[in-house]
Amino acid sequence: MSSSSRIALAAYLVGTGMHIASWRQPAAQADASIDLDFYRRLVRTAERGCFDMAFLADSLAINEASHPNILNRFEPITLVSALAGASERIGLVATASTSYSEPFNLARQFMSADHISGGRVGWNIVTTRDLSGNTARNFNGTDHLELSLRYRRAGEFVRVVRGLWDSWEDDAFVRDKASGRFFDPAKLHRIGHTGEFFSVEGPLNIARSPQGQPVLVQAGSSNEGQSFAAGAAEVIFVIQKNLEAGQAFYRAFKQKVAEAGRDPSQVRVLQGISPLLAPTREAAAEKLAALESLITREQALQFLSDYFGGHDFADATLDARAVELGLHESTDARADFRRFRALVAQQNPTLRALYSMLTGSMDLSDFIGTPQQVADSLERWVDAGAADGFILMAPSLPDGLEDFVDQVVPLLQARGRVRTAYEGRTLREHLGLQQPVHAAIEGR
């Protein structure tokens, strides 16, 4: 199977699922977000479907309006290390912030996890979306860094981390018992970095992993985020509203990668989708409506009032429409509303649907229907140049992932679009990404 025809697959794992009310379903395990055995089950299911990777998001602050599945959950790098022992081949991607971390600690944590997993780890680089409005106050600050400053810091952060990951050349540890020579000092490199945000001497006290370095993943569609990803990321996670928007983003982003002096074929664009499967498209739509009906008025309106700068929703019902309330023109909404403004104006969602949209339960109608229809849509997006693959953000778990693996993956395997068995052992091999050459060797 050629890399151009293969569809990359990732599983987004978050407790009972992406939908805000997924935990209220009768069959849901309400405490799933803090149950390691539950996550082991999810990872094994994704591995059974030969997924490239499992993806673990994060947040550094919560409030009373936060998604139930993030109120009480594991730290991602810790969880990835635990899941490495529960799986054999699937890649494991953990989220960590460049705005509220230090490069040395984070470099050491990720490289340790990469060794523990045998070279299957990726780092989802975030500058932190301040959805709760109080993140900085958890880290001895008052104001969240503005977007351009966060990405400037992130650029330097990643350069430092990658330099630390190259502290040791691949054959530095000779471990010669006869001579007593444990390592070759000529193959140890200190980074000696002094920059705008960080001063880091090095070296890191752990060697490169079987895949050289963890895979760099980035989720963000802002102009700043795209520019950063074009220069650094090997996988980018995006959410576009339809096929045409996906095509436009894909073309523009791959061009940005080329302009950054990188090979566009070495960067994977994965589209986030929330499939709902049923014997008919109508039955799938009914499943979505049943989930939406579990959203409580208090929960939704508390969040929306906070999100839209204190907007008064006291007399509103969840069936009220966003455009009629003027929300598409709001000047008080949080900064990330720019991602949704045009979509809200176009679709005029109910407050119930708007709440789901803003908190992550995205609705792409191409992926709501029968297994055949969803498989067809996945192929159409990739063949039309709108994505290299997909991140499955199942509205409910474990059933959403199990249904996809049992009903959609076999169709794609029969068409030769996804693997039937893992060929390699590292995440880079799964994604068809080159192993990075050690910086010292590359510069010789």
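This is a predicted model: local features need pLDDT of at least 70, side-chain atom pairs count only at pLDDT 80 or more; totals for chains, interfaces and linings use all residues.

Residues are numbered from 1 along each chain as its sequence is written, and side-chain values use heavy atoms, with hydrogens and water left out.

Cores to begin with. A nonpolar core here is a set of buried Ala, Val, Leu, Ile, Met, Phe, Trp, Tyr and Cys residues joined through side-chain atoms within 4.5 Å. Buried means under 20% relative accessible area, exposed over 50%, and partly exposed in between, with a 1.4 Å probe and protein chains only. The largest nonpolar core has 70 residues, and Phe 51, Trp 123, Leu 378 and Leu 401 have the most contacts inside it. Helix 5 gives the largest share of this core, nine residues. Helices are DSSP runs of H or I with at least four residues, strands are runs of E with at least two, and both are numbered from the N terminus.

What does Leu 378 touch, not counting residues up to four places away in sequence? With contact meaning heavy atoms within 4.5 Å, the partners of Leu 378 are Ile 7, Ile 273, Phe 367, Phe 390, Phe 404, Val 408 and Leu 412. A second, separate core has 27 residues, including Ile 20, Ala 300, Ala 333 and Phe 337.

Next, charged pairs. The structure holds 20 salt bridges, each a side-chain nitrogen of Lys or Arg within 4 Å of a carboxyl oxygen of Asp or Glu. One of them pairs Arg 208 with Asp 166 at 2.8 Å, N to O. That pair links distant parts of the chain, 42 residues apart: Arg 208 lies in the loop between strand 6 (199-200) and strand 7 (215-219), and Asp 166 in the loop between helix 5 and strand 5 (193-194). Both Arg 208 and Asp 166 are buried.

Asp 388 and Lys 254 form another salt bridge, at 3.3 Å, N to O. Here the separation is 134 residues, with Asp 388 in the loop between helix 12 (371-383) and strand 12 (389-392), and Lys 254 in helix 7 (243-259). Asp 388 and Lys 254 are also buried. Salt bridges with shared partners also join Asp 376, Glu 379, Asp 383, Arg 415 and Arg 417 into one network.

On a 1 Å grid over the protein atoms alone, a cavity is a set of points where a 1.4 Å probe fits but cannot get out, a pocket is an open set with protein on both sides within 12 Å along at least five of seven lines, and lining residues have an atom within 4 Å of a point. Points are joined across faces, edges and corners, and a volume is the space filled by probe spheres set on them.

The second largest pocket has about 650 Å³ of space. Its lining has 26 residues, with Arg 162, Gly 231, Ala 232, Glu 234 and Arg 262 nearest the centre.

As for cavities, the whole structure has two of 30 Å³ or more. The largest has a volume of about 70 Å³, and its lining includes Tyr 39, Arg 73 and Phe 74.
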